[in-house]
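User: I am new to reading protein models and would like to work through one slowly. Could you take me through it by question and answer?

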Amino acid sequence: MNTIPGSGARKAALKMLDAVLRRGDTMEQAGGAANGLPSFADRALARAIAGEVLRWLTDLDALIDSATNKPLPDDAKARMVLRMMLAQWLRLETPPHAVIATALPLLAGGPKRLAHGVFATLTRQDATLPDAPTLPEAVAHRWGDMAPEIAKGIAAPPPLDLSLRGDLPEGLEGESLLPGHLRLPRGTAIENLPGFDDGAWWVQDLAASIPARLLGAGEGKRVLDLCAAPGGKTLQLAAAGWKVTSLDNSSRRLERLRQNLKRTGLSADIVKADAMGWHPDELYDAILLDAPCTATGTCRRNPDVIHRIGPRQIEAMALLQSQLLERAANWLKPGGTLVYAVCSLEPEEGEDVAASCTLAPLPVMSDELPEGVEPGAWGHVRTHPGMLAETGGLDGFFIARFQG
Ligand SMILES: C[S@@+](CC[C@H](N)C(=O)[O-])C[C@H]1O[C@@H](n2cnc3c(N)ncnc32)[C@H](O)[C@@H]1O
């Protein structure tokens, strides 16, 4: 039984961190550890603690090492608990006495005094974190010139972006960076927003909304949303007047797509199939391939990717993406349009895959993008979390458009 209020959330956060950093689970998978907590507030707290630790891991470790004579092993439980303690104090503004009361029981029978001593030293010194998280060396190297700006973008969770099905519901206010887009402050509770019950909008990062926009109005023509679940882009395409076929190989994610269609009152034909074995009955006017990827572009909301993803996963994804793009290119009517997108910051999954496509590039124009985002040299789009910083940033995406 938990005798100290909030200790359940800390236990769950510890389990989540263990799952991500030791087993390589995604935050979504690891989040299951918080599901048994009785209150929404506790579940949110567990996720916030784990998220802040993953965001600031390198800097938290540097603080811990500065306050110990002998470095704690990377996988020591005391180090993990100290990371959580510092993240709560320095990022979530939890008072030190509450941090100590809820964290030390996690080390029952272990080095409680050591953890207490390190934490007390750092609080006495008024330790601080830098303005932007320090990226692990290999990640900074991979992201090259973009790395310093991305790091700034990762410093805090992102704002809430909504895509609108049609007109703006009465009473819903925010900043609009593209038609049909609305940005609200981070932490906004969606259930209480006007239009939630009517399905007048869905949550979708501004960058994630760009690929479907690049296909324009559907006017009843047929589009294949390849790798469609949970369906953010299917909803956009259906709302833009396309006759949508949504294909995905995950039953669980397709169930979420079904629920999303139901909530918004939009429609699509759903196909559960492996795109690597499936063949269409006829060709499509347009195809949106939002390919499976390492998702490093979502590092603001899923900071686990900073620690889980490396060359092995990037290479495997790039191979699958090239194969999917090659197949999709054959399913397009002559003159049709194909958009390839990945929410990855890795050129191997974006620029390199697009360069291997046999279709002709159909360059994206500046006026199709949010102000401040410009198309690249051959008309492709590259976004990253450090862009549009003054308005709250956006996820990292690579997007290219082609003509059949
Ligand atoms: C980036 S997500 C798609 C997100 C979706 N387009 C949206 O906007 O909500 C990639 C999807 O590809 C699916 N997928 C992965 N491999 C697949 C395959 N071989 N065939 C079909 N779908 C696949 C995954 O289940 C996942 O839902």
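User: Into which domains is the protein chain divided, and how far apart do the C-alpha centres of domain 1 and domain 2 lie?

Analyst: Please keep in mind that this is a predicted model. The domain assignment gives domain 1 as residues 7-124 and domain 2 as residues 161-403. The C-alpha centres of domain 1 and domain 2 are separated by 34 Å.

User: Which element supplies the largest share of the side of domain 1 that touches domain 2?

Analyst: Nine residues of domain 1 are in contact with six residues of domain 2. On the side of domain 1, α1 (7-23) and α3 each supply at least two residues, and the residues of this side divide into five nonpolar, three polar and one charged. The largest share, four residues, comes from α3.

User: At what angle do helix α3 and helix α4 pack, and what is the orientation of α3 to α4 called?

Analyst: Two packed helices are described by the angle between their axes and by the distance between the axes. For helix α3 (residues 40-66) and helix α4 (residues 77-90), the axes are 8 Å apart and the angle is about 105 degrees.

User: How do the residues of the contact of α3 with α4 divide into nonpolar, polar and charged?

Analyst: On the α3 side, the residues that meet α4 include Ile 49, Val 53, Trp 56 and Leu 60. Among the α4 residues that they meet are Leu 82, Met 84, Leu 86 and Ala 87. Taken together, the residues of this contact divide into 11 nonpolar, one polar and three charged.

User: How many of the five residues of strand β1 are buried?

Analyst: Strand β1 covers residues 160-164 and is largely enclosed by the rest of the structure. The reason for describing β1 in this way is the number of its five residues that are buried, which is four.

User: Is Ala 295 buried or exposed?

Analyst: Ala 295 lies in the loop between β7 (284-290) and α12 (305-308), and its phi is near 60 degrees, a positive value in a residue other than glycine. A residue needs 20 or more other C-beta atoms within 10 Å to count as buried. Because Ala 295 has 23 C-beta neighbours inside 10 Å, it counts as buried.

User: What is the form of the peptide bond from Ala 229 to Pro 230?

Analyst: Pro 230 is placed in the loop between β4 (222-226) and α10 (232-239). The peptide bond that leads from Ala 229 to Pro 230 has an omega near 10 degrees, and its form is cis.

Terms used
Residues numbered from 1 in each chain as written. Predicted model: local features only at pLDDT ≥ 70, side-chain atom pairs only at ≥ 80, totals over all residues. Axes fitted to C-alpha atoms, helices over the stretch in contact; angles between N-to-C directions. Contact = placed C-beta atoms within 7 Å. Nonpolar A, V, L, I, M, F, W, Y, C, P; charged D, E, K, R; others polar. Buried ≥ 20, exposed ≤ 12 C-beta atoms within 10 Å, placed from the backbone. Domains from an automatic or database assignment.
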